[in-house]
Amino acid sequence: MGMVIAIDGPGGAGKSTVSHGLATRLGYAYVDTGAMYRVIGLLAAERGIAVEDEDALAALCDATQIDFVDRGDRSGVEVAGRDLSAAIRTAEAAQLASRYSTVPAVRACLVAKQRAIGAAGNVVMEGRDIGTVVFPDALLKVFLDAAPPERARRRATELGGGSGDEVERMARDIAERDQRDRTRTHSPLRPADDAVHLDTTTMPVDEVIATLRTMVQQQLDSLASAS
């Protein structure tokens with residue numbers, strides 16, 4: 001296996017921003033696995049495929065090629081030339097991802113795709129089960145978290161909101177998704193036993209990225225010393 005940096009954590013903890021920034025600074029590829037689940041959830045909903053229809057979901061997942069497109073300060077997502085970058089960043093898409101990700105066939109299919117991408121090495125991969133399931137032998141495993149009110153504020157701001165009502169609504173959505181993700185039977189959201197836990201509640205993004213870059217370098221130096 002090549003060098004993989006695994007970054008897990010709940011919604012609003014800063015995974016996407018931090019992971020993309022870290023990948024850019026390291027010159028690594030960046031993979032947002034949550035975007036992959038959002039794509040499948042969105043496509044399944046568009047086609048009227050129920051969560052209970054595991055065979056249809058498996059077929060959809062197998063046939064869907066998800067392409068990540070680097071757009072400088074962010075990563076875009078395309079399927080068969082269709083740009084889904086904006087469509088998958090809604091609160092509704094997040095809930096669809098959470099529901100459809102409980103289906104074992106969907107998780108098995110996407111984990112296989114994620115492992116195939118990571119096999120090339122030099123990748124920063126973020127999600128909810130990267131360090132525990134997808135790449136348990138990753139070079140560095142990190143679990144990012146933040147206080148629930150801060151996570152709700154960040155998500156509301158990302159979606160163009162920020163008012164008290166919008167933050168409260170987002171807090172409810174996040175709590176619902178947290179409960180579903182942490183209690184699902186397959187690949188529940190939890191830190192890997194050897195993951196570094198980092199609370200980003202009061203940390204600026206650049207500080208988080210710098211901290212992780214230092215951790216990566218320490219791991220690389222350790223490998224070099226052992227060889």
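Me: Between which two elements does the loop with Ser187 lie?

Reply: This is a predicted model, so keep that in mind as you read. Ser187 lies in the loop that runs between H8 and strand E8, which covers 196-199.

Me: What is the phi of Ser187?

Reply: Ser187 is not a glycine, yet its phi is positive, about 50°.

Me: Is Ser187 buried or exposed?

Reply: Look at the relative accessible area; under 20% is called buried. Ser187 has 16%, so it is buried.

Me: Which loop holds Ala80?

Reply: Ala80 sits in the loop between strand E4 (75-79) and strand E5 (82-83). Its phi is positive too, about 50°, although Ala80 is not a glycine.

Me: Is Ala80 buried or exposed?

Reply: Here the cut-off for exposed is over 50%. Ala80 has 77% relative accessibility, so it counts as exposed.

Me: Now the helices. Where is Asp178 placed?

Reply: Asp178 belongs to helix H8, residues 164-183. Its relative accessible area is 12%, so Asp178 is buried.

Me: Which residues does Asp178 contact, leaving aside neighbours within four places in sequence?

Reply: Asp178 is in contact with Pro10 and Arg151, once those sequence neighbours are left aside.

Me: With which side chain does the side chain of Asp178 make a polar contact?

Reply: For a polar contact, look for a pair of N or O atoms within 3.5 Å. The side chain of Asp178 makes one with the side chain of Arg151, at 2.9 Å.

Me: How many disulfides does the count come to?

Reply: Look for two cysteine sulfur atoms within 2.5 Å. By this rule the count comes to one disulfide. Cys61 and Cys109 form it, with their sulfur atoms 2.3 Å apart.

Me: Is the link of Cys61 and Cys109 left-handed or right-handed?

Reply: Read the angle about the S-S bond. For Cys61 and Cys109 it is -95°, and the link is left-handed.

Me: Which parts does the pair tie together?

Reply: Cys61 lies in helix H3, residues 54-63, and Cys109 lies in helix H5, residues 104-118. The pair therefore ties together parts that are 48 residues apart in sequence.

Methods. Residues numbered from 1 in each chain as written. Predicted model: local features only at pLDDT ≥ 70, side-chain atom pairs only at ≥ 80, totals over all residues. Heavy atoms only, no water. Helix = DSSP H or I, 4+ residues; strand = E, 2+ residues; numbered from the N terminus. Buried < 20%, exposed > 50% of the residue type's maximum accessible area, 1.4 Å probe, protein only. Polar contact = N/O pair within 3.5 Å; in protein donor to acceptor, adjacent residues only side chain to side chain. Contact = heavy atoms within 4.5 Å.
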